[in-house]
Structures are given as C-alpha cells and as structure tokens.
Amino acid sequence: MDAAAADHPRPDHSGADHSGADPRPDHSRPAEGLPELPAPRRMPERYSVRDQVLAELRGAIAGGELRPGSVHSAPVLAARYGVSATPVREAMQLLAREGAVEVLPNRGFRIAERGPRDLAELAELRALLEVPVLLRLARTLPPGVWESLRPLAQATAGAAAMGDRAAYAEADRAFHRALLEPAGNRQLVAFADDLQRRAQWPPSAPQPHRYPRPAALLADATEHALLLDALIAVDLPTVEALARAHLSGSPWG
C-alpha cells in the first residue's frame, strides 16, 4: 500500500465497524441534555386483586353481609378474602368515593348509613336524568333496539327468582345502562350508573327483612319487561309513568 492510500483509506461499505464500537444507536441512554427516564414497569398484580376485592365488597354490602353502621378493618377483611391489606384499603377508598363507606382514621371503614331522605333524593335525581332521555329515545329508536334488551331484563328476573341480591344489583345496573347507551353520551351513562349504585346500598336498619326480598326483586324485574313493552309500542305516557314509578320504587327502599 502506498503512502497516499494509507493516509486516505477507502470507505468500507460492508457495514462492519472495525473500531470495536456498536454503530447502532443506544436507545437505553437518554439524549445529551435530557433527564434519564425510568424503565417501564409492569402493572402490579395487586390492581387486579383490588378489582376482585372491590367486586366482593360491593356484593357483600348489597347482599347485606356487611351491614350499615358496621365497622371493618382492612387487615380483618384481607384475612377474610385471603389477600393482603393493601388491595382492601384501595377498594375501600373507591367505595368511599361512591358513598358506600366512611373512612375512620386509625380504625378502618364504616358501612355508610342511609335513610328514606337519601333514597328519595337519589330517586329524584335519577328521574330528572333518565326519564327525559328515555322519552327522547322512544321517539326515535326502532322497536328492534328495545327488543334486543329483552335478555338483560330476563337476567334481572332470573337473579330475582334466586333471591340473589348482589347478582340482581349488577343485572339491574346492566339493564339501565343499556337503556341509556343509545343516547351516545358516555358521561350521562356513567353518572346515571353511579347514582343507581348509590341507590342500591341498603338503608340503615339492622333487621334482615329491610333488605330486598325475592318478591320485591321480582316486582322490580317485572317493571323492566313492562317498560320495554311500552318503549316498543312508542307509548310515551306509559313510558314516562312506568319509568318514574320504577325509579322511585327501588326494592332497596
């Protein structure tokens, strides 16, 4: 090789790096002048556990296992469900936002107590929100939309026949969500669902008979079917009368 070639080596188009360094960019290091970001973390398993505990607690409150006014600590509930106290505390904090429990510092959580006035106020709010929407939808939607909700109404009847209050609460909310979803307003559906969940928390009374009996649940479920019949027939006066009576006559009242 002559001196000129040694001073000016020909470029190597093979892609090899003879310096020993990796030519590919290192994305694990931040660009110069930017702070280093933490490595992505997997979602902790406790969040799925929290959701399971939340569902169990909701069912226990709606079903009467956790009675209004009773106080419960996170460690005791954690032992009951076979989990750590952390997901129980997280679930209880969510229930506190829903108005189902009250946080007692250094003691735990108390199942919220509600009276007839609370139920009446919730029923009034639900009627103000849901009835006008149902009437508007009844004027515009084809009967087939309402008929497609028949299985949801039947699901409430099935839960009522078994006397399963927790299952009925979930089926009832699913039916009412489906009634409002054709309006296309997600905020409305979410707000109405929250109001209905609050209306399902049992009233303040230690007597077991104050919790919905199967007959009361069956009567409530029957109104679902009647409401669908009126919507399919575009019988607006009956739709309004049934909806108002249904919302004010909660079996949890």
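Beyond its neighbours within four places in sequence, His-176 is in contact with Arg-126, Glu-130, Gln-196, His-224, His-246 and Leu-247. Please keep in mind that this is a predicted model.

**His-176 and its setting**

- His-176 belongs to helix H8, which covers residues 165-180.
- Is His-176 buried or exposed? With a relative accessible area of 4%, His-176 is buried, because that value is under the 20% cut-off.

**Cavities**

- How many cavities of 30 Å³ or more turn up in a search of the whole structure? There are three.
- The volume of the largest cavity is about 80 Å³.
- Twelve residues line the largest cavity, and those closest to its centre are Arg-126, Asp-172, Gln-196, Ser-250 and Pro-251.
- H8, helix H9 (186-200) and helix H11 (236-248) are the elements that each give two or more residues to that lining.
- Which element gives the most to the lining of the largest cavity? H9 does, with three residues.
- Sorted by class, the lining of the largest cavity holds five polar, four nonpolar and three charged residues.
- The second largest cavity comes in at about 40 Å³.
- H8 and H9 each supply at least two residues of the lining of the second largest cavity, and H9 gives the most, with four.
- By class, the lining of the second largest cavity has three charged, three nonpolar and two polar residues.

**Nonpolar cores**

- The largest nonpolar core has 24 residues, and Leu-134, Trp-146, Leu-179, Leu-228 and Leu-231 have the most contacts inside it.
- Helix H5 (116-140), H8, H9, helix H10 (214-232) and H11 are the elements that give two or more residues to this core.
- Of these, H5 gives the most, with seven residues.
- Setting aside residues up to four places away in sequence, Trp-146 touches Leu-134, Leu-137, Ala-138, Leu-141, Leu-179, Leu-228, Leu-231 and Ile-232.
- A second, separate core has 19 residues, including Ile-61, Leu-66, Ala-91 and Leu-95.

**Strands**

- Strand E3 (residues 108-111) runs antiparallel to strand E1 (residues 71-72), and two bridges join them.
- Which residue in E3 is the bridge partner of Val-71? That partner is Arg-110.
- E3 also pairs with strand E2 (residues 101-104), in the antiparallel sense and over four bridges.
- Within that pairing, Leu-104 stands opposite Gly-108 in E3.
- E2 and E3 form a hairpin with three residues between them, and Asn-106 in the turn has a positive phi of about 65°.

Notes. Residues numbered from 1 in each chain as written. Predicted model: local features only at pLDDT ≥ 70, side-chain atom pairs only at ≥ 80, totals over all residues. Heavy atoms only, no water. Buried < 20%, exposed > 50% of the residue type's maximum accessible area, 1.4 Å probe, protein only. Contact = heavy atoms within 4.5 Å. Pairing = 2+ DSSP bridges. 1 Å grid on protein atoms, 1.4 Å probe; cavity = no way out; pocket = protein on both sides within 12 Å on 5 of 7 lines; lining within 4 Å. Points joined across faces, edges and corners; volume = space filled by probe spheres on them. Nonpolar A, V, L, I, M, F, W, Y, C, P; charged D, E, K, R; others polar. Core = buried A, V, L, I, M, F, W, Y, C linked by side-chain atoms within 4.5 Å.
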